[in-house]
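Hello,

Here is the structure I promised to pass on. Please have it open while you read my notes below.

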Amino acid sequence: MRADAKRNRERIVSCALGLFVERGPGVSMEEIARAADLGVGTLYRHFPDRRALVEEIATSSLRCLGVEIRKLREQEVPRWEVLTRVVAFCAGQPFALIKAVADGDSMPQERLALQNEVDGLLRELMQDVQGEGSMRDDISPVEAVEILSTAVCRPGAREDDAVTRVMLDGLRAKASGR
């Protein structure tokens with residue numbers, strides 16, 4: 001691929017990612033092209049349809065999340081802190097978009113494999129947090145991942161918004177005697 005074509009493709013993906021995180025899955029291809037300061041024809045030369053663009057973003061975001069979880073789990077910090085850093089990372093990703101297009105029947109194999117891998121990493125993290133005593137023990141790691149998904153897989157999710165704060169507070173183990 002020519003250098004200018006590669007730059008255009010990267011600009012498209014970057015602008016689409018930003019718009020999807022900010023406004024959710026309803027962003028049009030024309031808005032993406034405009035934000036990238038490119039013509040719609042250029043966008044469609046790189047991505048023949050919206051689904052192709054979304055798939056690239058979804059696959060890339062899931063791959064980055066897997067890398068981030070592994071990197072954070074290697075750090076010598078309390079597991080609860082790792083969880084809050086994962087939540088912060090997720091809030092900056094277009095997971096509302098990914099969830100909106102995640103119809104398992106037609107999910108590409110690569111994305112399905114990445115989704116399963118990330119879900120497994122998140123369950124392991126929840127087990128670590130629970131084992132540390134930071135997460136309540138009446139919620140299973142699977143349920144905790146579902147709760148996390150609900151909080152961060154919505155348009156406009158932020159690490160410090162009310163829904164995310166309530167989710168984290170609800171998962172947190174209560175100190176004895178309270």
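T164 sits in helix α9, which covers residues 162-171. Keep in mind that this is a predicted model. T164 counts as buried because its relative accessibility is 0%, and the cut-off for buried is under 20%. A polar atom of its side chain lies 2.8 Å from the backbone oxygen of R158. Beyond four places in sequence, T164 is in contact with V87, A151, R154, R158 and E159.

Next, helix α7. This helix runs over residues 109-132, 24 residues in total. From first C-alpha to last it reaches 35 Å, close to the 34 Å expected at 1.5 Å a residue. Its buried residues include R111, L114, G120, L122, L125 and Q130. Which helices do the buried residues of α7 pack against? They pack against α4 (50-73), α5 (79-91), α6 (95-100) and α8 (141-152). Just after α7 comes G133, with a positive phi of about 90°.

Now the cores. The largest nonpolar core has 31 residues, and L83 and V86 touch the most other members. Two or more residues come from each of α4, α5, α6, α7, α8 and α9. The most come from α7, which gives seven. Leaving aside neighbours within four places in sequence, V86 is in contact with L65, I69, L72, L122 and L125. L122 and L125 are also among the buried residues of α7.

Best wishes

Technical notes:
Residues are numbered from 1 along each chain as its sequence is written. This is a predicted model: local features need pLDDT of at least 70, side-chain atom pairs count only at pLDDT 80 or more; totals for chains, interfaces and linings use all residues. Side-chain values use heavy atoms; hydrogens and water are left out. Helices (H or I, at least four residues) and strands (E, at least two) are DSSP runs, numbered from the N terminus. Buried means under 20% relative accessible area, exposed over 50%, partly exposed in between (1.4 Å probe, protein chains only). A polar contact is a pair of N or O atoms within 3.5 Å; within protein, one must be able to donate a hydrogen and the other to accept it, and residues adjacent in sequence count only if both atoms are side-chain atoms. Contact means heavy atoms within 4.5 Å. The expected span of a helix is 1.5 Å times one less than its number of residues. A nonpolar core is a set of buried Ala, Val, Leu, Ile, Met, Phe, Trp, Tyr and Cys residues joined through side-chain atoms within 4.5 Å.
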